[in-house]
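Load the model in your viewer and keep a selection panel open.

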Amino acid sequence: MTAIALTSQQDSAWRQSCRRFIRHRLALFSAVLVAVLALLSICAPLFEIALGIDANRVDLFSRLQPPSAEAWLGTDELGRDVFVRLLYGGQISMLVGLVTALAAAVIGTTVGLVSGYFGGKLDAFLMRFTDGVIALPLLPLLIVLAALDLGKAGLPETIVDSENVSLYRIIAIVALFGWTTVARLVRGTALTLRERDFVLAAKAQGAGAVRIMTVHILPNLASPIIVATTLSVGNIILVESVLSFLGLGIQPPIPSWGNLLTNAQGLISSAPELAFYPGILILLTVLGFNFLGDGLQDALDPRA
Amino acid sequence: MGRFVLDRLIQSAVVLAVMSFIIYWLMGLMPGDPIDLMINADPRLTPEDAQRLRALYGLDQPILDRYVNWLTAALSGDLGFSRLFAKPVLQALLPALGNTVLLLGLSFVLSVCLAFATGIAAAVQQHRPADYVINLVAFVAISIPSFWLSLMMIILFSVKLGWFPASGTESLGGGGFLDQAKYLVLPIATLTIVSFGNHTRFVRASMIETLRQDFIRTARAKGASERRVVLRHALRNALIPVVTILALDFGFLFSGALVIETIFAYPGMGKLIFDAIMGNDFNLALVALLFATALTLTGNLLADLAYAWLDPRISYR
């Protein structure tokens, strides 16, 4: 009897987490919301075909049209379809959010693992460094980095002149500041894990530091990393949209929710709804990722 | 304690020094430096002329030499001249600093008061409807893009209703205290909304954590009223982490202020930094960024010190 209870308890650790997550109705709803928004954004080209329009074609004869059968949310100041451009903007904003969050998680995990596993002077230095980065005024520095002349910084011309340079740049600079939360979390846990018996056993068998960190310690860090990364996606989307709004992030003609709002700012008295849509989509997406992260936290780490 | 304070002070000073060099270096990588501007203004300028001009202004020297020159001048009080404002950097900076302190200070106080009221209410009602509603509102506030909220405030209260002005600090010709207050309402309201969500969640989490502890059960058992238990026993202990996190949040508040000041054309530090960077005013941008860094570092330093001072269990090493 005891044995059966034990095994069923063991193999259902993940299932238990799943059940806790599903019970968290708000988080489940958010997961669906984010999935629907992502799916709609990915399907942007299909909508273009179905509606028979080209979202980038300027048509000055049909500027600022009200919603109709072919332009579901009307047209903007250059006669482009608002709905489809919002979906394309969503592609970029979500892509930036996810890729940057992953890049930041990789940096943070590396710093945290090294710091927590080796400890001592290296740990003290890395954590001081992390504290220093956390204490910096984020947005003003991001603005400086976004305004830099990449040619003067010595980057090869193929990157500087590339069409997508604004996309690469924003991912790189936001990841540069976004790794600190994960680094601290990972370091804290790694610090306790390295004293555990299974790590000592691996060490006794002659496993190297890299192997112990990646094979033995890293898998035990999965849940805090997943939670922190999910929670950071929303923040990153907010930062990206602010920079793009200020004209320093994703550059037109690539649409992002932030730079769609830049155009709309000049039209707030004639067409306020143009300013409304991108923002409400940012709000919903960020809210979705935040609830998702919160739900995952409850599901994966019931003590917190 | 003295050792701890000294340690932290040195650490902050080191970060500030390193940042001063990094920011100085980054400023040199900006598009549109003085030589670029001269080349643009005079198409007859040859590359050799540009080279000679660089030598004339000392721009061909190694970065470290230039930095040391700038630092020596800065430390002796010469921070340079602002192109944008056509006056010495400090004279352009100080009024903006005052404006930002006013905006940040008022929003911070409002946000914290609101956060304590809602955070405590939510913690006491944990897992009941009031808690869910407050939590939902807090999450929405955290997730709102500040620039979008600013635009929506302008559309609703300035364009549609006409209650408050959309930008600036006072009416033409100046209109006294009430007039200036009217210009502050929308920026302060916006900044308060975008920061109060986080604050509420801090207060709620800390209160819930404290209310679970043994001494709270003891207080209840000895017959203290619920009001006394919550406001006296729990709140005092919940304050420790809250004070720390609130001080740490200062950098975030500054970032929010940058966006809001820019949209509402409020002449504070954030707008000044943005305008200086966009307008190739490197002297001003450099000093303003360092001021902003020093400001957030001070916030963090105060957070650490407050924590050590409030919680006697912390060891100062």
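Select the residues of each chain that touch the other: the contact (heavy atoms within 4.5 Å) takes 41 residues from chain A and 47 from chain B. This is a predicted model, in which local features need pLDDT of at least 70 and side-chain atom pairs count only at pLDDT 80 or more, while totals for chains, interfaces and linings use all residues. Residues are numbered from 1 along each chain as its sequence is written, chains are lettered from A and ligands numbered from 1 in the order in which they are written, and side-chain values use heavy atoms, with hydrogens and water left out.

The size of an interface is often given as the accessible area lost when the parts come together. Between chain A and chain B the buried area (the accessible area, 1.4 Å probe, that two parts lose on being put together, summed over both) is about 3800 Å², and carbon and sulfur atoms give 77% of that.

Next, show the charged pairs. Two salt bridges (a side-chain nitrogen of Lys or Arg within 4 Å of a carboxyl oxygen of Asp or Glu) are counted between chain A and chain B. One of these to display is B:Asp7 with A:Arg128, where the closest N and O atoms are 3.1 Å apart.

Now colour the chain A side by element. Helices (H or I, at least four residues) and strands (E, at least two) are DSSP runs, numbered from the N terminus. Two or more residues come from each of α6 (120-134), α7 (138-147), α13 (222-245), α14 (257-265) and α15 (272-300) of chain A, and α15(A) gives the most, with 12 residues.

Move to chain B and select domain 1 (2-89) and domain 2 (92-310); such bounds come from an automatic or database domain assignment. Their contact takes 28 residues from domain 1 of chain B and 24 from domain 2 of chain B. The area buried between these two domains is about 2300 Å², 76% of it from carbon and sulfur atoms. Zero salt bridges are found across this interface, and five residue pairs, both at pLDDT 80 or more, are in polar contact. On the domain 1 side, α1(B) provides the largest share, 12 residues.

Which residues does B:Asp281 contact, leaving aside its neighbours within four places in sequence? Select B:Phe81, B:Ser82, B:Arg83, B:Leu84, B:Phe85 and B:Ala276. B:Asp281 lies in the loop between α12 and α13 of chain B and is buried, at 1% relative accessible area (buried means under 20%, exposed over 50%, partly exposed in between; 1.4 Å probe, protein chains only). Its side chain reaches the backbone nitrogen of B:Leu84 at 2.9 Å.

In that loop, also select B:Asn280, which has a positive phi of about 55° although it is not a glycine. B:Asn280 counts as buried, at 19% relative accessibility. Finish at B:Ala265, in the loop between α11 (250-263) and α12 (269-278) of chain B. B:Ala265 has a positive phi of about 50° although it is not a glycine, and is partly exposed, with a relative accessible area of 29%.

Key:
A polar contact is a pair of N or O atoms within 3.5 Å; within protein, one must be able to donate a hydrogen and the other to accept it, and residues adjacent in sequence count only if both atoms are side-chain atoms.
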